[in-house]
Amino acid sequence: MVTLGIFSAFTPQNVMYLLGGLGITVGVSIISVILSLIFGSVVGIIQFERLPYFSKFVGTINNVIRNLPLLLIIFFVYFALPKIGIHLPIFWATVVAMSTFESAMLAEIVRGGLESIDIGQFEGARANGLSNMQTMIYIILPQAYKKMIPPIISQLISLVKDTSLAMGIVLAEMTYRSQIIYAQNSTYIIPVLVAITLVYFVLNYGLSLIARWADHKLA
Amino acid sequence: MEKAKKRQFGIIATIVLAAVIVLGLMWATATAKQNEAHQDTLARVEKLGRIVWGVKADTKLFGLMNTKTGKPEGFDIDIAKALTVQISKQTGVPMSAEFVPVSASSKMQLIKNTNIDGSVSTMTITPEREKIIDFTNQYFDAGQSILVKKDSGINSVKDMNDSKYTIIVVVGTTAATEIAKFAPKAKVLAVQDYATGMQALKSGQGQAMSTDNAILYGFATENPDYHIAGGTFTHGPYGIAFDNNQKPMIREANKALAKIKENGVYNQLVKKWFSDVPGLDWHSLEAK
Amino acid sequence: MALLQNNFPTFMQGFGYTLLSSLIALVGSMILGTAFAIMQIVPKKWVRKVGNVYVQVFRNIPLLIITFFFFLVVSKYVKMSGFMSGTIALMLYTSAFIAETVRAGILSIDGGQMEGARANGLSFAQAMQYIILPQAFRVALPSLGNQFINLVKNSSILAFVGGLDLMYQGNMIAANTFETFSTYIIVGILYLIITLPLSYYMQHLERKLKHAA
């Protein structure tokens, strides 16, 4: 039964269909990564700067988002936001939910990275006549990002894995599509689950190798 | 920045952000109110020249994804296509049909959210749902049944009224709420979709899956070890759903439905999808 | 508010199952995670390999797939409910992360301590148990806490397999009442009741450790 499934489950069209799902998985991941790197950095810097009230305020919102399950945020964006007039198609709803959540996670990494930089560098740079903004952009951020690359990549790995949650709102990503395939014939379930597990593994293990390489290179 | 300057900036920024959030919430509630007095679906589809239909993608016979074309296929999809053609004729506005896969748990929300214009997705007409959305006349006659293993010894839903049994249902279906009336002692396991439900039944997570007979026939065709035990125990015909108070749209859809039943298109579709189902008298489904 | 009143027992049941699942998975993954952390640093090469493969596999595949695997495939051979499948998957998944955290903790302890303990006649296991691990856990505490927070959040995966948890009950209530907005807000607040205090405590610990260092 199982062997039979292996051969018939992977017809060219089923494989193409799954690969299309992989495309959506990767697409959601890439867009969300870019958005959350931008927003995460901004929020992280705001928290690090310790502006009175403002940093606390932003930090609290950030903590709330960070401590909610991503699945809840996805359901909220897709099912609850339309109640107040914000309609997003499935793909963009997923991107918004993932970016919101991942920005909060990345902000925490950025804040931690910045705090690990020696305070003396700030003072040194300021003494050399650089403005606060310049110090941040030219001196502090490049160093902080070097330190942050490994945690950022492991966050990226979580992001790729977490796209599978979007099947809860019927986004046609890879995990959802695997389910459509085993709906055709239930002997397909083991081969299909094994196949997508492998794809996720290769994708994420590749990313973690990059993280390790970056760590060596920069350390 | 000097300490005092920093403090000043912080206070101003906090006030600005708080103001943005408060204004955003006010705007949100205002739009929510406005959306309650919602748009007219018929006007919208005529303007856009397309009807977005919510359909199933995991349900054999009614709506199952064809992995070759990437499009769902089934009785529901064909009905939606036929209705779109007919509504175009009636209104004189050319319209195309688009399909969005929905799950049993998401379809109601998607109609309310106007992500889809209408839904042809094995949806039973119930008084509770009619409070929230509008239905056309029935387009398919269905009723709830249970699917069990042939050698399970379970002959009807009454046999399952025992806490040792678990009945699998799908979140958001009428079966999920109705089952408690017929087998109150049995445990209920709700999953997100039919494909998972069928897998769960096969792996022994429950002894029966309960939903409409029409859907179960699709699973019985594919899994010869399983059959429908004891016929239907509810009567729950399917309707095509739109957002509530969409009288013009409902009127057009009902007119189109009557027309395809009259001109034989409906019966052709019944024959196309149901004539091969073992144990189903498909002639009984035809429009008289 | 009426929504909360009408569905209070359901929300509470969900809250209870979420807590229960998280606690079971926490205990299990602490034990497994520590075991795999030690496996990755023992002198025997093949044991290290096994430990490493386990950690890499579970770190790099989605929790949802592990859950489906237990719920739909493994349960054909071993009876288990959705709650059980989800909790076991959660435990295995989290243990890989805990293994990494504990391993980092162990590696941060000065290597001389191990040598010293061995020289004093303790076996590898004894040295590990009495000298190295207690210190490693102390160092790793903040990140372990964060793993626990992730675990609580990830337990929402039970919703996919009828695991009766908070997310599952929330979905059921949302599907029945169509009050999506308020339902998900309430569910969110209930999750925050568990995770937010923990998170603040971990931040506090982190700061304290940093000052001590």
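Predicted model: local features only at pLDDT ≥ 70, side-chain atom pairs only at ≥ 80, totals over all residues.

Author: Along its sequence, chain C reads α-α-α-α-α-α-α-α-α.

Reader: How many helices and how many strands does chain C have?
Author: The pattern of chain C along the sequence is α-α-α-α-α-α-α-α-α. The count for chain C is 9 helices and 0 strands.

Reader: What percentage of the residues in chain C is buried?
Author: The C-alpha atoms of chain C fill a box of roughly 70 × 45 × 25 Å along the principal axes. Of contacts in chain C between residues at least 6 apart in sequence, 74% join residues at least 24 apart. Chain C has 213 residues, and the buried share is 46%.

Reader: Are helix 3 and helix 5 of chain C parallel, perpendicular or oblique to each other?
Author: Helix 3 covers residues 45–60 of chain C and helix 5 covers residues 82–108; their axes come within 8 Å and cross at roughly 120°. Angles of 65 to 115 degrees count as roughly perpendicular and those over 145 as roughly antiparallel. Helix 3 and helix 5 of chain C are therefore oblique.

Reader: Is the crossing of helix 3 and helix 5 of chain C left-handed or right-handed?
Author: The axes of the two helices cross at roughly 120°. The crossing of helix 3 and helix 5 of chain C is left-handed.

Reader: How many nonpolar, polar and charged residues has the contact of helix 3 with helix 5 of chain C?
Author: Helix 3 of chain C brings C:Tyr54, C:Val55, C:Phe58 and C:Arg59 to the contact, and these meet C:Leu92, C:Tyr93, C:Ala96, C:Phe97, C:Ala99 and C:Glu100 of helix 5. By class, the contact of helix 3 with helix 5 has 2 charged, no polar and 8 nonpolar residues.

Key:
Residues numbered from 1 in each chain as written. Chains lettered and ligands numbered in written order. Helix = DSSP H or I, 4+ residues; strand = E, 2+ residues; numbered from the N terminus. Buried ≥ 20, exposed ≤ 12 C-beta atoms within 10 Å, placed from the backbone. Contact = placed C-beta atoms within 7 Å. Axes fitted to C-alpha atoms, helices over the stretch in contact; angles between N-to-C directions. Parallel < 35°, antiparallel > 145°, perpendicular 65-115°, else oblique. Left-handed = near helix turned anticlockwise from the far one by under 90°. Nonpolar A, V, L, I, M, F, W, Y, C, P; charged D, E, K, R; others polar.
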